[in-house]
Amino acid sequence: MKVNPINVTNHMKVSDLVNEFDKSGVLGAGRVGRACNILTDMIQDEDMKVFMSLGGPLIPGGMRNIVTQMIENHHVDLIVSSGANITHDLVEAFGGSHYRHEGRDDEDLNEDGIGRIADINVGSDDFTIFETEITGIFEKISSQKTHISIQELLHEVGLMVDDENSFVAAAAKNNIPIFAPGLIDSMMGLQLWIFNQDHDFVVDAVADMHYLSDIVFEAERVGAILLGGGLTKHYTLASNVIKGGLDAAIQVTMDRPEAGSLGGAPLEEAKSWAKARCGSSLASVVGDVTVIFPLIYAACLDNISGD
């Protein structure tokens with residue numbers, strides 16, 4: 001098949017542009033087109049459980065409402081998140097904000113109690129609000145339960161969050177489980193440790209595996225949306241080894257494959273580990289998640305609605 005030139009016209013929809021990418025069939029454009037097609041198929045397959053992993057600073061980077069929308073649209077069935085993305089979601093839910101970095105020196109930021117994530121700033125005052133609120137929630141939960149899994153903890157936290165834009169709250173309301181195997185590696189994990197100094201409150205990571213394995217075994221098929229790499233990507237892939245691997249997946253990452261890291265590994269590599277099935281539908285897109293995935297999902301929504 002020949003490479004088709006990409007055509008851009010006045011008033012074209014996002015799906016029209018991504019369809020042009022797909023018709024070109026090559027390089028980044030072709031990968032974005034294939035990822036959109038796979039995502040559309042995953043969402044429309046009623047027998048497929050769709051996992052979504054959130055690695056990297058996606059919530060402070062502006063992806064919060066998209067994740068929440070996908071939950072409310074029932075386009076995902078399970079989320080694997082870094083502890084940081086959960087923390088930053090709750091920072092905003094409790095009234096804090098994230099701010100654009102305006103080029104100030106990092107030592108000056110340190111003096112003013114401001115932390116920087118690339119070109120995003122978050123202030124110590126916002127974290128102070130978070131610490132107060134999350135400790136109060138831990139108090140309420142621990143008064144009812146002294147031993148709880150991470151997934152159960154996040155569900156209970158979500159039920160106590162009053163913010164329509166919070167993905168943690170939306171997941172709890174829609175009974176979508178959130179798994180966070182690296183929760184302790186976050187400000188929320190730090191607050192758990194501080195809280196546990198004078199409370200009998202055990203958060204059990206191993207207990208999550210029983211619940212997660214049941215979901216995998218009971219699903220006819222499993223698909224995955226892998227945003228970023230690292231622990232969240234691996235936990236999603238590895239949880240499906242017990243049933244022979246994923247049936248479909250897309251990943252968007254800036255990581256490179258040369259050093260052998262999982263974050264940069266093409267999804268085809270997962271077949272060798274039975275983390276993705278032989279014959280599965282896979283697409284790996286190299287790019288910034290905050291640019292690429294909104295484009296893919298917007299086109300997917302057009303495809304699903306038939307507009």
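**Figure 1. Histidine 11, out in the open.** In this predicted model, histidine 11 counts as exposed, with 81% relative accessibility. You'll find histidine 11 in the segment before α1. For background, most residues other than glycine have a negative phi.

**Figure 2. Alanine 118, between two strands.** Here we look at the loop between β4 (114-117) and β5 (120-123), which is the place of alanine 118. Alanine 118 isn't a glycine either, and its phi is positive, near 55°. Is alanine 118 buried or exposed? Alanine 118 is exposed, with a relative accessible area of 55%.

Figure 3. A search of the whole structure turns up 11 salt bridges. In this one, the side chains of lysine 23 and glutamate 20 meet, with 3.1 Å from N to O. Why are these two about one helical turn apart? Because they sit 3 residues apart in helix α1 (residues 14-24). Lysine 23 is partly exposed, at 42% relative accessible area, while glutamate 20 counts as buried, at 10%.

**Figure 4. A salt bridge between distant parts of the chain.** Now look at arginine 221 and aspartate 45, whose side chains meet in a salt bridge of 2.8 Å, N to O. The two residues are 176 residues apart in the chain. Arginine 221 belongs to strand β9 (residues 221-227), and aspartate 45 lies in the loop between α2 (27-44) and β1 (48-54). Arginine 221 counts as partly exposed, with 30% relative accessibility. Aspartate 45, on the other hand, is buried, with a relative accessible area of 18%.

**Figure 5. A salt bridge pair, and then a network.** Which residue forms a salt bridge with aspartate 112? The partner is arginine 104, and the closest N and O atoms are 2.4 Å apart. Aspartate 112 counts as partly exposed, at 47% relative accessibility, and arginine 104 is partly exposed too, at 36%. Elsewhere, salt bridges that share partners tie Arg64, Asp89, Glu92 and Asp163 into one network.

Figure 6. Ile184, Leu190, Trp193 and Ile194 make a nonpolar surface patch of about 420 Å². One of these, isoleucine 194, has its place in helix α9 (residues 187-196). Isoleucine 194 counts as partly exposed, at 41% relative accessibility.

**Figure 7. Where β9 meets β10.** Zoom in on the sheet and you can follow strand β9 alongside strand β10 (residues 246-253). The two run parallel, joined by 5 bridges. Which residue in β10 does leucine 226 stand opposite? Leucine 226 stands opposite glutamine 251.

Methods
Residues are numbered from 1 along each chain as its sequence is written. This is a predicted model: local features need pLDDT of at least 70, side-chain atom pairs count only at pLDDT 80 or more; totals for chains, interfaces and linings use all residues. Side-chain values use heavy atoms; hydrogens and water are left out. A salt bridge is a side-chain nitrogen of Lys or Arg within 4 Å of a carboxyl oxygen of Asp or Glu. Helices (H or I, at least four residues) and strands (E, at least two) are DSSP runs, numbered from the N terminus. Buried means under 20% relative accessible area, exposed over 50%, partly exposed in between (1.4 Å probe, protein chains only). Patches are made of residues with over 30% relative accessible area and no salt bridge: like charges are joined within 9 Å, nonpolar side chains (Val, Leu, Ile, Met, Phe, Trp, Tyr) within 5 Å. Accessible areas come from the Shrake-Rupley method with a 1.4 Å probe; for residues, only the protein chains shown count as cover. Two strands pair if DSSP finds at least two bridges between them.
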